[in-house]
Amino acid sequence: ALAGPMLPQHHELTSLFECPVCFDYVLPPILQCQAGHLVCNQCRQKLSCCPTCRGALTPSIRNLAMEKVASAVLFPCKYATTGCSLTLHHTEKPEHEDICEYRPYSCPCPGASCKWQGSLEAVMSHLMHAHKSITTLQGEDIVFLATDINLPGAVDWVMMQSCFGHHFMLVLEKQEKYEGHQQFFAIVLLIGTRKQAENFAYRLELNGNRRRLTWEATPRSIHDGVSAAIMNSDCLVFDTAIAHLFADNGNLGINVTISTCCP
């Protein structure tokens with residue numbers, strides 16, 4: 001992958017690969033209609049005829065010459081319009097775009113009910129207007145109180161913490177990761193980029209009844225979300241038996257401390 005402005009002649013080459021339907025790039029394997037027109041594989045599956053000449057798309061005809069050209073061309077990231085300056089070989093493009101810092105941010109709230117997407121700058125405004133039940137505590141050392149932890153089924157608790165000029169999202173999820181075995185997963189996310197997240201550390205601590213359970217880590221960017229962390233147990237993990245050791249009348253207090261990392 002290379003960074004920098006695209007040369008005019010390079011832009012002329014990549015424009016030959018533009019899909020006439022979605023305007024994304026037609027990448028190998030490249031198929032054409034009987035008249036030689038190209039359409040990307042995603043759009044091709046939804047079409048009954050060529051969008052350029054209305055001719056038949058079947059039988060599939062492979063355009064090996066264009067595939068060779070594609071292998072010699074660097075394509076811009078699909079998020080170039082929002083700031084990404086990388087140009088990539090077509091084999092590197094999908095993997096990069098999955099993790100590109102310039103892709104839209106999704107709503108960081110757990111669950112799949114909210115489909116909002118937008119810029120990083122708009123995330124807090126979205127949370128304040130669409131998720132008004134989320135409370136925010138100020139300071140680098142707070143207590144995250146999860147109430148009614150004995151509720152059946154999958155449950156999540158969310159709170160915001162504001163310190164060091166940034167906002168952090170605290171998430172506690174209860175789910176059945178393995179059949180018949182309920183677990184709690186607690187993690188801190190930064191409302192910010194991965195690079196910004198590297199400047200901080202967080203500590204989660206369960207404390208009570210002469211027992212202490214602690215987890216320390218770097219917060220994840222909301223770009224990464226909580227799903228991967230839970231799948232890999234890269235967070236504070238404890239089962240219902242441990243939760244009951246620290247709970248008080250069905251309520252669980254988690255001490256949360258955010259600190260800055262020395263450069």
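## Strands and sheet

In this predicted model, strand S13 (residues 200–208) is joined to S14 by seven bridges, and the two strands run antiparallel. Within this pairing, Leu204 stands opposite Trp215 in S14.

S13 and S14 belong to an open sheet of four strands, arranged in the order S9-S17-S13-S14 with antiparallel pairing. Strand S9 (141–146) and strand S14 (211–217) are the edge strands, since each pairs on one side only. On average, neighbouring strands of the sheet are turned by 25 degrees against each other, direction ignored.

In soluble globular proteins, nonpolar side chains tend to be buried together. The largest nonpolar core of this model has 50 residues, and Leu127, Phe144, Met169, Leu172, Ile191, Ile254 and Val256 have the most contacts inside it. Strand S12 (residues 181–190) supplies the largest share of this core, seven residues. A second, separate core has 17 residues, including Val26, Leu38, Cys50 and Phe75.

Which residues is Ile254 in contact with, leaving aside its neighbours within four places in sequence? They are Ile142, Val143, Phe144, Leu172, Ala186, Leu204, Glu205 and Leu206.

## The two sides of helix H5

Helix H5 (residues 123–130) has four buried residues: Val123, Met124, His126 and Leu127. These residues cover an arc of only 160 degrees around the axis, and therefore lie on the same side of H5. The face turned away from this buried side carries the exposed residues Met128 and His129. Leu127 is also among the residues with the most contacts inside the largest core.

## Aromatic pairs

The model contains six aromatic pairs. The ring centres of Phe164 and Phe200 are 6.1 Å apart and the planes are at 40 degrees, so this pair is tilted. Phe164 lies in the loop between strand S10 (155–163) and strand S11 (166–178), whereas Phe200 lies in strand S13; the pair therefore ties together parts that are 36 residues apart in sequence. Phe164 counts as partly exposed because its relative accessibility is 36%, while Phe200, at 5%, counts as buried.

Phe184 and Phe238 form a stacked pair, with 5.3 Å from centre to centre and 10 degrees between the planes. This pair links distant parts of the chain, with Phe184 in strand S12 and Phe238 in strand S16 (residues 236–239), 54 residues apart. Both Phe184 and Phe238 are buried. Elsewhere, Phe17, Tyr25 and Phe75 form one aromatic cluster, and Phe75 also belongs to the second core.

How values were computed
Residues numbered from 1 in each chain as written. Predicted model: local features only at pLDDT ≥ 70, side-chain atom pairs only at ≥ 80, totals over all residues. Heavy atoms only, no water. Core = buried A, V, L, I, M, F, W, Y, C linked by side-chain atoms within 4.5 Å. Buried < 20%, exposed > 50% of the residue type's maximum accessible area, 1.4 Å probe, protein only. Contact = heavy atoms within 4.5 Å. Arc of directions from axis to C-beta. Pairing = 2+ DSSP bridges. Axes fitted to C-alpha atoms, helices over the stretch in contact; angles between N-to-C directions. Phe/Tyr/Trp six-rings, centres within 6.5 Å; stacked < 30°, edge-to-face > 60°.
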